[in-house]
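Biologist: I am new to this structure and would like to learn how to read it step by step. Could we look at it together, beginning with a pair of strands?

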Amino acid sequence: MDSEKRRDTIDWTEYFMAMAFLAAKRSKDPSTQVGACIVNEDKRVVGIGYNGFPTGCSDDEFPWSKTSPDPLETKYLYVCHAEVNAILNKNSTDVKNCTMYVALFPCNECAKIIIQSAIREVVYMSDKHALKDHTIAAKRMLDAAGVKYTQYKPRHSRIVIDFTEIDWDSLNQLPATPRKDDVTRNGHNGGC
Ligand SMILES: [Zn+2]
(Lines give C-alpha, C1' and ligand atoms only; values in the text may rest on other atoms or scores of the structure.)
Protein backbone atom coordinates (compact mmCIF):
# COMPACT_ATOMS: atom_id res chain seq x y z
CA MET A 1 0.00 0.00 0.00
CA ASP A 2 1.29 3.47 -0.80
CA SER A 3 2.11 5.45 2.28
CA GLU A 4 2.33 8.87 0.72
CA LYS A 5 -0.81 10.93 0.70
CA ARG A 6 -2.50 11.80 -2.55
CA ARG A 7 -1.60 15.27 -3.71
CA ASP A 8 -3.94 15.85 -6.60
CA THR A 9 -7.07 16.10 -4.49
CA ILE A 10 -9.64 18.81 -5.03
CA ASP A 11 -9.09 21.82 -2.79
CA TRP A 12 -11.68 23.31 -0.43
CA THR A 13 -12.93 25.89 -2.89
CA GLU A 14 -13.40 23.30 -5.61
CA TYR A 15 -15.08 20.98 -3.15
CA PHE A 16 -17.66 23.54 -2.02
CA MET A 17 -18.30 24.87 -5.50
CA ALA A 18 -18.74 21.31 -6.75
CA MET A 19 -21.31 20.77 -3.97
CA ALA A 20 -23.19 23.82 -5.20
CA PHE A 21 -23.21 22.38 -8.71
CA LEU A 22 -24.25 18.96 -7.46
CA ALA A 23 -27.21 20.57 -5.67
CA ALA A 24 -28.11 22.37 -8.91
CA LYS A 25 -28.63 18.98 -10.51
CA ARG A 26 -31.74 18.65 -8.32
CA SER A 27 -33.35 21.71 -9.88
CA LYS A 28 -36.45 21.14 -12.02
CA ASP A 29 -36.06 24.50 -13.77
CA PRO A 30 -35.70 23.73 -17.48
CA SER A 31 -33.73 26.90 -18.24
CA THR A 32 -31.50 27.74 -15.27
CA GLN A 33 -30.20 25.37 -12.62
CA VAL A 34 -28.44 27.10 -9.74
CA GLY A 35 -27.04 25.62 -6.55
CA ALA A 36 -25.62 27.28 -3.46
CA CYS A 37 -23.51 25.95 -0.61
CA ILE A 38 -22.86 27.80 2.66
CA VAL A 39 -19.72 27.08 4.62
CA ASN A 40 -18.78 28.34 8.06
CA GLU A 41 -15.42 29.55 9.34
CA ASP A 42 -14.45 25.99 10.27
CA LYS A 43 -15.00 24.85 6.67
CA ARG A 44 -18.13 22.97 7.62
CA VAL A 45 -21.09 22.97 5.29
CA VAL A 46 -24.08 24.48 7.08
CA GLY A 47 -26.56 24.85 4.24
CA ILE A 48 -27.23 23.76 0.68
CA GLY A 49 -29.98 24.77 -1.70
CA TYR A 50 -31.07 24.96 -5.31
CA ASN A 51 -33.70 26.93 -7.15
CA GLY A 52 -37.21 25.57 -6.92
CA PHE A 53 -40.78 26.23 -5.90
CA PRO A 54 -41.71 26.43 -2.23
CA THR A 55 -42.70 23.29 -0.38
CA GLY A 56 -46.16 22.15 -1.38
CA CYS A 57 -46.10 24.07 -4.66
CA SER A 58 -45.93 21.24 -7.15
CA ASP A 59 -43.35 21.26 -9.91
CA ASP A 60 -46.05 19.83 -12.12
CA GLU A 61 -48.71 22.42 -11.34
CA PHE A 62 -46.77 25.68 -11.11
CA PRO A 63 -45.38 27.18 -14.32
CA TRP A 64 -41.72 26.93 -15.29
CA SER A 65 -41.95 29.20 -18.32
CA LYS A 66 -40.03 32.46 -18.56
CA THR A 67 -42.49 34.27 -20.78
CA SER A 68 -46.25 34.43 -20.92
CA PRO A 69 -48.81 37.16 -21.56
CA ASP A 70 -49.97 36.41 -18.03
CA PRO A 71 -47.26 37.05 -15.43
CA LEU A 72 -49.01 34.59 -13.14
CA GLU A 73 -48.05 31.90 -15.63
CA THR A 74 -44.31 32.56 -15.40
CA LYS A 75 -41.92 31.08 -12.85
CA TYR A 76 -40.70 34.40 -11.50
CA LEU A 77 -43.50 34.97 -9.03
CA TYR A 78 -43.03 31.57 -7.46
CA VAL A 79 -39.48 30.33 -7.60
CA CYS A 80 -37.16 30.41 -4.57
CA HIS A 81 -33.60 31.11 -5.54
CA ALA A 82 -30.82 28.73 -4.50
CA GLU A 83 -29.23 31.31 -2.18
CA VAL A 84 -32.43 31.78 -0.19
CA ASN A 85 -33.06 28.04 0.02
CA ALA A 86 -29.50 27.43 1.19
CA ILE A 87 -29.89 30.03 3.95
CA LEU A 88 -33.29 28.69 5.00
CA ASN A 89 -31.99 25.11 4.95
CA LYS A 90 -29.19 25.93 7.38
CA ASN A 91 -28.51 23.37 10.06
CA SER A 92 -26.83 25.91 12.33
CA THR A 93 -28.24 28.70 14.47
CA ASP A 94 -27.22 31.29 11.94
CA VAL A 95 -24.90 31.80 8.97
CA LYS A 96 -22.99 34.71 10.44
CA ASN A 97 -19.49 35.11 8.93
CA CYS A 98 -20.07 32.24 6.53
CA THR A 99 -19.06 32.05 2.87
CA MET A 100 -21.58 31.23 0.19
CA TYR A 101 -20.52 29.31 -2.92
CA VAL A 102 -22.98 29.85 -5.74
CA ALA A 103 -23.02 29.11 -9.45
CA LEU A 104 -24.43 32.47 -10.55
CA PHE A 105 -23.94 35.96 -9.12
CA PRO A 106 -26.79 36.60 -6.66
CA CYS A 107 -29.68 38.84 -7.71
CA ASN A 108 -30.67 41.90 -5.70
CA GLU A 109 -33.31 40.02 -3.70
CA CYS A 110 -30.83 37.34 -2.68
CA ALA A 111 -28.17 39.97 -1.97
CA LYS A 112 -30.50 41.58 0.58
CA ILE A 113 -30.99 38.27 2.34
CA ILE A 114 -27.27 37.41 2.16
CA ILE A 115 -26.43 40.75 3.79
CA GLN A 116 -29.14 40.47 6.43
CA SER A 117 -28.06 36.99 7.37
CA ALA A 118 -24.49 38.29 7.92
CA ILE A 119 -22.81 36.12 5.30
CA ARG A 120 -19.38 37.67 4.85
CA GLU A 121 -18.29 36.42 1.45
CA VAL A 122 -19.77 35.20 -1.81
CA VAL A 123 -17.81 33.03 -4.23
CA TYR A 124 -19.59 32.83 -7.56
CA MET A 125 -18.84 31.26 -10.90
CA SER A 126 -20.89 33.00 -13.58
CA ASP A 127 -21.58 36.70 -13.82
CA LYS A 128 -23.61 36.42 -16.99
CA HIS A 129 -26.17 38.99 -15.85
CA ALA A 130 -23.51 41.55 -14.92
CA LEU A 131 -25.13 44.28 -17.00
CA LYS A 132 -28.64 43.71 -15.69
CA ASP A 133 -30.11 46.02 -13.08
CA HIS A 134 -30.65 43.26 -10.54
CA THR A 135 -26.94 42.40 -10.56
CA ILE A 136 -25.80 46.03 -10.51
CA ALA A 137 -28.10 46.67 -7.55
CA ALA A 138 -26.85 43.51 -5.85
CA LYS A 139 -23.22 44.64 -6.14
CA ARG A 140 -24.08 48.10 -4.91
CA MET A 141 -25.63 46.64 -1.77
CA LEU A 142 -22.92 44.04 -1.21
CA ASP A 143 -20.26 46.76 -1.57
CA ALA A 144 -22.05 49.05 0.86
CA ALA A 145 -22.43 46.24 3.38
CA GLY A 146 -18.81 45.11 3.02
CA VAL A 147 -19.65 41.64 1.72
CA LYS A 148 -16.72 40.42 -0.31
CA TYR A 149 -17.39 38.68 -3.61
CA THR A 150 -14.91 36.82 -5.77
CA GLN A 151 -15.23 34.93 -9.00
CA TYR A 152 -14.21 31.32 -8.84
CA LYS A 153 -11.66 30.21 -11.41
CA PRO A 154 -11.63 26.44 -11.68
CA ARG A 155 -8.28 24.76 -11.15
CA HIS A 156 -9.50 21.54 -12.69
CA SER A 157 -11.60 21.83 -15.81
CA ARG A 158 -13.57 18.74 -14.80
CA ILE A 159 -14.58 17.10 -11.56
CA VAL A 160 -16.14 13.80 -12.52
CA ILE A 161 -17.88 11.19 -10.42
CA ASP A 162 -18.10 8.14 -12.62
CA PHE A 163 -19.46 5.19 -10.68
CA THR A 164 -18.28 2.82 -13.39
CA GLU A 165 -14.70 3.95 -12.87
CA ILE A 166 -14.49 3.03 -9.21
CA ASP A 167 -12.65 -0.10 -8.20
CA TRP A 168 -15.13 -1.34 -5.61
CA ASP A 169 -12.72 -3.80 -4.04
CA SER A 170 -10.22 -1.17 -3.02
CA LEU A 171 -12.46 1.92 -3.24
CA ASN A 172 -9.90 3.30 -5.58
CA GLN A 173 -11.50 6.06 -7.59
CA LEU A 174 -8.88 6.81 -10.05
CA PRO A 175 -7.59 7.26 -12.79
CA ALA A 176 -4.46 6.57 -10.78
CA THR A 177 -1.97 9.28 -10.08
CA PRO A 178 1.06 8.49 -12.23
CA ARG A 179 4.00 7.75 -9.95
CA LYS A 180 7.64 7.07 -10.49
CA ASP A 181 7.48 3.77 -8.66
CA ASP A 182 4.17 2.80 -10.18
CA VAL A 183 3.75 -0.93 -10.62
CA THR A 184 0.94 -2.71 -12.31
CA ARG A 185 -0.70 -5.39 -10.27
CA ASN A 186 -4.01 -7.14 -10.39
CA GLY A 187 -4.62 -5.54 -13.72
CA HIS A 188 -4.77 -1.99 -12.43
CA ASN A 189 -2.37 0.65 -11.28
CA GLY A 190 -1.45 0.18 -7.70
CA GLY A 191 -2.41 3.41 -6.02
CA CYS A 192 -4.68 3.34 -3.00
ZN1 LIG B 1 -31.75 35.58 -6.35
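Modeller: Let us begin with a pairing: β1 and β2 run antiparallel to each other and are joined over five bridges. Helices (H or I, at least four residues) and strands (E, at least two) are taken from DSSP runs and numbered from the N terminus, and two strands count as paired if DSSP finds at least two bridges between them. This is a predicted model, in which local features need pLDDT of at least 70 and side-chain atom pairs count only at pLDDT 80 or more, while totals for chains, interfaces and linings use all residues. Residues are numbered from 1 along each chain as its sequence is written.

Biologist: What is the bridge partner of C37 in β2?

Modeller: Strands of a sheet pair through backbone hydrogen bonds, either parallel or antiparallel. Here the partner of C37 in β2 is I48.

Biologist: Which residue takes a positive phi in the hairpin of β1 and β2?

Modeller: Most residues other than glycine have a negative phi. In this hairpin, which has five residues between its strands, K43 takes a positive phi near 65°.

Biologist: Is K43 buried or exposed?

Modeller: A residue is buried if 20 or more other C-beta atoms lie within 10 Å of its own, exposed if 12 or fewer, and partly exposed in between, with C-beta atoms placed from the backbone. K43 counts as exposed because it has 10 C-beta neighbours inside 10 Å. With 13 other C-beta atoms within 10 Å, A118 is partly exposed.

Biologist: In what order do the five strands of the open sheet lie?

Modeller: The order is β2-β1-β3-β4-β5, and the pairing is mixed. β2 and β5 (148-151) are the edge strands, each pairing on one side only, and the twist averages 15° from one strand to the next. β4 and β5 run parallel and are joined by four bridges, with V123 having T150 as its bridge partner in β5.

Biologist: Which strands does α1 lie across?

Modeller: Axes are lines fitted to C-alpha atoms, for helices over the stretch in contact, and angles run from 0 to 180 degrees between N-to-C directions. α1 lies across β1, β2, β3 and β4, and runs at about 140° to β1. Two residues are in contact if their C-beta atoms, placed from the backbone, lie within 7 Å. Leaving aside neighbours within four places in sequence, A20 is in contact with G35, A36, C37, Y101, V102 and A103.

Biologist: Which residues touch the most other members of the largest nonpolar core?

Modeller: In soluble globular proteins, nonpolar side chains tend to be buried together. A nonpolar core is a set of buried Ala, Val, Leu, Ile, Met, Phe, Trp, Tyr and Cys residues joined through C-beta atoms within 7 Å. The largest one here has 33 residues, and those touching the most other members are A20, A36, C37, I38, M100, Y101 and V102. Among the elements that give two or more residues to this core are α1 (12-24), β1 (35-39), β3 (99-104) and α4 (133-145).
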